[in-house]
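I opened this notebook to record what I looked up in one structure.

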Amino acid sequence: MTERISDVTTGTDTSDPGRDSDSHDANRTTANPDAYAGSRETTEGTVYTVTGGDWDEVLAEAAGDERIVMNLGPQHPSTHGVLRLVLELEGETVTQARSVIGYLHTGIEKNVEYRNWTQGVTFVTRMDYLAPLHNEAAYCMAVEKLLGVTVPQRAQTIRVLLMELNRISSHLVALATGGMELGALTGMTAGFREREEVLHLLEFLTGLRMNHAFIRPGGLAQDLPEGAEQRIKDFIKVMDSRLPDYDKLLSGQPIWRNRLAGVGYLPVDACLALGITGPILRSAGLPWDLRKVEPYSGYENYEFDVPTSNAADSYARYLLRLEEIHQSLKIVRQAVDNLTPGPVMVEDAKIAWPAQLTIGADGMGNSLEHVRKIMGQSMESLIHHFKLVTEGFAVPPGQVYVPIESPRGELGYHIVSDGGTRPMRVHVREPSFVNLQSMPAMCEGGMVADVIASVASIDPVMGGCDR
């Protein structure tokens, strides 16, 4: 017994053949020369080296060649979160690229089917965490289409205002992370500095920096706080003063241009074949923007341009995102001017939940007037409020698909109702998931260093991709 304990302290092969590693390897190779996953005998029994199934397939295809198979990610700062790329290399040239996804899977679509219609907002806002307000808006628009209700004008304008602010913050992250991955660290610090300005403003307007749950079926959780218009105008001034610095810092920088120009080329026919939308499609010359071609939330009343390019490369996508920030600021200015007094939630008391939110000394809750009414004057109001909060409202049976233009392309919600108080089915057409198909077409035949630039130009958000 004592001998056995002393033997296992090393955790290695303590048999006589095992003491000589050269002879042990020779014996193993002779016994099974084709085995990639080998085994060895230890005092605790046989120890096997086992690898993942897809990894074995890739290695089997590359066996006997001068090719190298490399994992890039999922724990890598240049793969936009938890994206795994399996690259086959000949020297520095990528001969085959595969994306492996699912490391951030959250099951949000299925979770929404087990919550009432209003609670669903708190789930969908966490999918594409860089564009939460776009997810909230698309989901609520789909629910409202099933309900057959029209959102008040002020709520529509505020939705446009919030979505464009969110688009600015998302594009700033795309520029900042792209700069970080390519070594332009000043671009990263500048991008996140400006994004903080947006997040401070969104926190003032909605109460939260991210995952707002501010857009609700029928309108908004509450109206904008006092002084919102002036804060938005101050933000526009700050952005107008800082955006020209990006042209000085990056656009005209020869190293930045050389790292991006001609890299990640994807022409318009390839985009259409793969279903690619957003800045990638517009960088190939097609001015497809759902805010223009299929307007929603009153976008047809705003003056703005859809920037395009014919270069179809990573540099064109960078320039387009920068220009789209300018166009979003243009829309924000118009939205502030279009703000007219009025309700921000539909009048139907069977849908309008929460009822009358206000911010008091103890945080956010229903206004005292509303509490006095339902607690002291109207038992019917109290019962209705209780049932609305616990059960939610019923939505007529049917199915809809509502697409909007998110910072990454077409974000669509397909929702099916069976007439109950929660969705029967929710499926999301997520642009990060679809756009990621373009990665092999952009990267194969190029250099390893260009894979980083190409993935950065796709701007995938893995929370939305895996959801």
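**Entry 1: a helix pair.** I noted that helix 11 and helix 16 are roughly antiparallel to each other, a label used for angles over 145 degrees, with under 35 counted as roughly parallel, 65 to 115 as roughly perpendicular and the rest as oblique. The model is a predicted one, in which local features need pLDDT of at least 70, side-chain atom pairs count only at pLDDT 80 or more, and totals for chains, interfaces and linings use all residues. Residues are numbered from 1 along each chain as its sequence is written, and side-chain values use heavy atoms, with hydrogens and water left out.

I then looked up the geometry. The axes of helix 11 (residues 244-251) and helix 16 (residues 314-338) come within 11 Å and cross at roughly 165°. Axes are lines fitted to C-alpha atoms, for helices over the stretch in contact, and angles run from 0 to 180 degrees between N-to-C directions. Helices (H or I, at least four residues) and strands (E, at least two) are DSSP runs, numbered from the N terminus.

For the contact (heavy atoms within 4.5 Å), I listed Tyr246, Asp247, Leu250 and Ser251 in helix 11, which meet Tyr315, Tyr318, Leu319 and Leu322 in helix 16. I sorted the residues of this contact into six nonpolar, one polar and one charged. In this sorting Ala, Val, Leu, Ile, Met, Phe, Trp, Tyr, Cys and Pro count as nonpolar, Asp, Glu, Lys and Arg as charged, and the others, Gly among them, as polar.

Entry 2: I found an open sheet of three strands in the order 3-4-5, with antiparallel pairing; two strands pair if DSSP finds at least two bridges between them. Strand 3 (68-72) and strand 5 (93-100) are the edge strands, each pairing on one side only. The twist averages 20° from one strand to the next. Strand 3 is joined to strand 4 (residues 84-90) by five bridges, and Asn71 has Val86 in strand 4 as its bridge partner. I also recorded that helix 21 (residues 448-458) lies across strand 3, strand 4 and strand 5, at about 150° to strand 4.

**Entry 3: Leu224.** I located Leu224 in the loop between strand 7 (219-220) and helix 10 (228-242). Leu224 has a relative accessible area of 12% and is therefore buried (under 20%; exposed is over 50%, partly exposed in between, with a 1.4 Å probe and protein chains only). Beyond its neighbours within four places in sequence, Leu224 is in contact with Ile158, Leu161, Leu205 and Leu339.
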